[in-house]
Amino acid sequence: MIRIALVVGSTRPGRRGTAAARWALDTAAASPAVAGGRASIDILNVADFDLPLLDEPVPAAFGAYAQSHTRRWSQAVAAFDAFVFVTPEYNHSFPAALKNALDYLFAEWQHKVAGFVGYGTSGGIRAVEQLRQVMGELKVADVPTQVALSMFTDFTFTDPTDPTDPGTCTPAPHHAETLTRMLEEIIAWSAALVPLRAEAQPVTS
Ligand SMILES: Cc1cc2nc3c(=O)[nH]c(=O)nc-3n(C[C@H](O)[C@H](O)[C@H](O)COP(=O)(O)O)c2cc1C
């Protein structure tokens, strides 16, 4: 059983990431991977961890955490084998809150697998490209298939002119097919990396 977290990278009040993650959760739950018992899927909200801007004296690679919020975040991330980052695009990148959350940890990400659900006016594609660069340094294997949701066609709003409307995520069917394919890639790579995860140093905090 591969344990997959849907990491909601937006922390903005009224974020549309909640709607995107809910769609991804429901779609994944109905997929052969999860429905067939090969993977589990849960939402991991960065916003729930109240992480301040990085305030650890020692870089995360040393695994010596001074702050209780870091230990809480560490335990949550360490419990998963793979991640689907649900990320908006902010100024052609991913949210600073997500980068901060990534920087807090190191061993907890290593030898795991990532997929992406990007969203924005252009499908969050540039945000995901930048996230892929960070994955390399964290020793995360990122699968090529990615979901790109458009604010214009894949969400429904009560008032489309209201930027605080969190909306619902109502994507075209091909997005569900893409997510399902991505989950299969994640499971295959995550299973292949089990020996490396078994050898890795445990988190020492
Ligand atoms: C600070 C900021 C910058 C943004 N920059 C972009 C951008 O570069 N490209 C894009 O497609 N959408 C951009 N948007 C629009 C967001 O994709 C859209 O508001 C989305 O709902 C944000 O995700 P969230 O609601 O989960 O925070 C930006 C939004 C914000 C708040």
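**Aromatic cluster and ligand surroundings**

W109 is buried, because its relative accessibility is 1% (buried, under 20% relative accessible area; exposed, over 50%; partly exposed in between; 1.4 Å probe, protein chains only). W73 also counts as buried, at 0%. The model is predicted: local features need pLDDT of at least 70, side-chain atom pairs count only at pLDDT 80 or more, and totals for chains, interfaces and linings use all residues. Residues are numbered from 1 along each chain as its sequence is written, and side-chain values use heavy atoms, without hydrogens and water.

Eight aromatic pairs were found in a search of the whole structure (ring centres of Phe, Tyr and Trp, the last by its six-membered ring, within 6.5 Å; planes under 30 degrees apart are stacked, over 60 edge-to-face, the rest tilted). W73 and W109 form an edge-to-face pair, at 6.1 Å centre to centre and 70 degrees between the planes. This pair links distant parts of the chain, 36 residues apart. W73 belongs to helix α3 (residues 68-78), W109 to the loop between α4 (96-103) and β4 (112-120) (DSSP runs numbered from the N terminus; helices are H or I, at least four residues, and strands E, at least two). Ring pairs join W73 and W109 with F49, F83, F85 and F116 in a cluster.

Around the ligand lie 15 residues, of which R12, R16, Y90, Y119 and T121 come nearest (a heavy atom within 4 Å). Polar contacts are pairs of N or O atoms within 3.5 Å; within protein, one must be able to donate a hydrogen and the other to accept it, and residues adjacent in sequence count only if both atoms are side-chain atoms. A side-chain N or O atom of R12 lies 2.5 Å from a ligand oxygen atom. For S10, a polar side-chain atom is 2.9 Å from an oxygen atom of the ligand. G17 uses a backbone N or O atom, 3.0 Å from a ligand oxygen atom.
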